[in-house]
Amino acid sequence: MSAPDGESGVQPVIRSLQILEALNAAGTSTLAGVHDATGLPKPTLVRLLDTLIATGHVTRLPRRGGYALTERVLRLSSGFRHADRVVEAARPFLMALTAEHKWPMGLATLDRDAMLVRLSTRHESPFATDPDWLNRRLAILVSALGRAYISFCPAEERRVLMTLLCHSKSKMNAAARDGKYVDAMIDGIRRRGYATTAPMRGDPAMGLAVPVMQGETVAACINMRYIGSTMSEAEAVRRYLAPMRAAATAIAAGLNGG
């Protein structure tokens with residue numbers, strides 16, 4: 001029997017790999033997004049995605065959220081990094097927070113001298129105002145995610161990070177040369193247990209971030225983005241800090257096999 005759509009025996013394999021690569025690049029994607037990324041016909045995509053779901057390599061997200069890779073892709077390559085495990089562990093908790101509270105959630109990991117956004121629920125939030133920051137780098141001393149990371153990472157790691165930032169030519173890292181400012185910022189964040197975004201002119205959204213701790217190290221940071229005109233920082237903390245901390249603890253437990 002000939003393969004559907006005139007596919008040869010090797011074509012489904014090639015196309016399945018294209019789909020996996022597209023999902024890996026996007027993090028999450030709708031059927032239309034995978035179609036745009038691969039150029040494959042939608043009937044073919046549906047059939048191959050159903051196959052990849054059956055094999056456990058892809059999951060269908062709820063609420064028409066599209067598709068995403070699962071941790072089973074670890075078996076395809078030894079290059080699947082610890083940071084990818086964090087994303088997989090965090091996804092259901094961040095999606096649940098957005099489903100309950102409506103605000104977009106994000107997760108980022110350290111990428112040398114910046115934070116790399118690895119997961120975002122902005123497409124599930126009715127209140128998202130930010131552009132799509134997925135797979136983009138954020139300044140450590142400006143973003144809530146970066147401020148949370150540098151405040152809770154081990155002292156030696158913080159020293160190395162500050163050295164990198166001090167030698168950076170980026171204007172976004174200029175504050176690193178003001179040691180008193182950075183020390184006061186970190187002390188305040190550690191005392192409060194959370195970080196917020198540096199004020200940005202013209203940006204209506206504020207970030208509230210907490211670390212995902214593995215012992216003394218920071219595996220990742222998660223944040224919630226809310227519109228500043230809707231509530232004060234104190235109100236945002238009262239409403240959302242506890243569930244965010246609970247999510248961070250659950251994510252860490254998932255990484256540890258708990």
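Is the crossing of H1 and H2 left-handed or right-handed? I looked it up, bearing in mind that this is a predicted model. The crossing of H1 and H2 is right-handed.

**Entry 1: the helix pair**

I wanted the two numbers behind this packing. Two packed helices are described by the angle between their axes and the distance between the axes. For H1 (residues 11-26) and H2 (residues 31-38), I noted an angle of about 110° and axes 10 Å apart. Angles of 65 to 115 degrees count as roughly perpendicular, so H1 is roughly perpendicular to H2.

Next I listed the residues in contact. H1 contributes Gln18, Ile19, Ala22 and Leu23. H2 contributes Val34, Ala37 and Thr38. I sorted the contact of H1 with H2 by class: five residues are nonpolar, two are polar and none is charged.

**Entry 2: salt bridges**

I turned to charge. Side chains of opposite charge can pair when their charged atoms come close. How many salt bridges does a search of the whole structure find? It finds eight.

I looked at Arg137 and Asp111. Their side chains form a salt bridge, N to O, at 2.8 Å. Arg137 sits in strand E6 (residues 137-139) and Asp111 in strand E4 (residues 105-111), so this pair ties together parts that are 26 residues apart in sequence. Arg137 is partly exposed at 43% relative accessibility, and Asp111 is partly exposed at 30%.

Arg137 also meets Asp113 in a salt bridge, with N to O at 2.6 Å. Asp113 lies in the loop between E4 and strand E5 (114-120), and Arg137 in strand E6, so the bridge ties together parts that are 24 residues apart in sequence. Is Asp113 buried or exposed? Its relative accessible area is 13%. Buried means under 20%, so Asp113 counts as buried.

**Entry 3**

I then looked up Arg238 and Glu235. They form a salt bridge, with the closest N and O atoms 2.7 Å apart. Both lie in helix H8 (residues 233-255), three residues apart, which is about one turn of the helix. Arg238 is exposed at 61% relative accessibility. Glu235 is partly exposed at 21%.

Terms used: Residues are numbered from 1 along each chain as its sequence is written. This is a predicted model: local features need pLDDT of at least 70, side-chain atom pairs count only at pLDDT 80 or more; totals for chains, interfaces and linings use all residues. Side-chain values use heavy atoms; hydrogens and water are left out. Axes are lines fitted to C-alpha atoms, for helices over the stretch in contact, and angles run from 0 to 180 degrees between N-to-C directions. Helices (H or I, at least four residues) and strands (E, at least two) are DSSP runs, numbered from the N terminus. Angles under 35 degrees count as roughly parallel, over 145 as roughly antiparallel, 65 to 115 as roughly perpendicular and the rest as oblique. A crossing is left-handed if the near helix is turned anticlockwise from the far one by less than a right angle, and right-handed if clockwise. Contact means heavy atoms within 4.5 Å. Ala, Val, Leu, Ile, Met, Phe, Trp, Tyr, Cys and Pro count as nonpolar, Asp, Glu, Lys and Arg as charged, and the others, Gly among them, as polar. A salt bridge is a side-chain nitrogen of Lys or Arg within 4 Å of a carboxyl oxygen of Asp or Glu. Buried means under 20% relative accessible area, exposed over 50%, partly exposed in between (1.4 Å probe, protein chains only).
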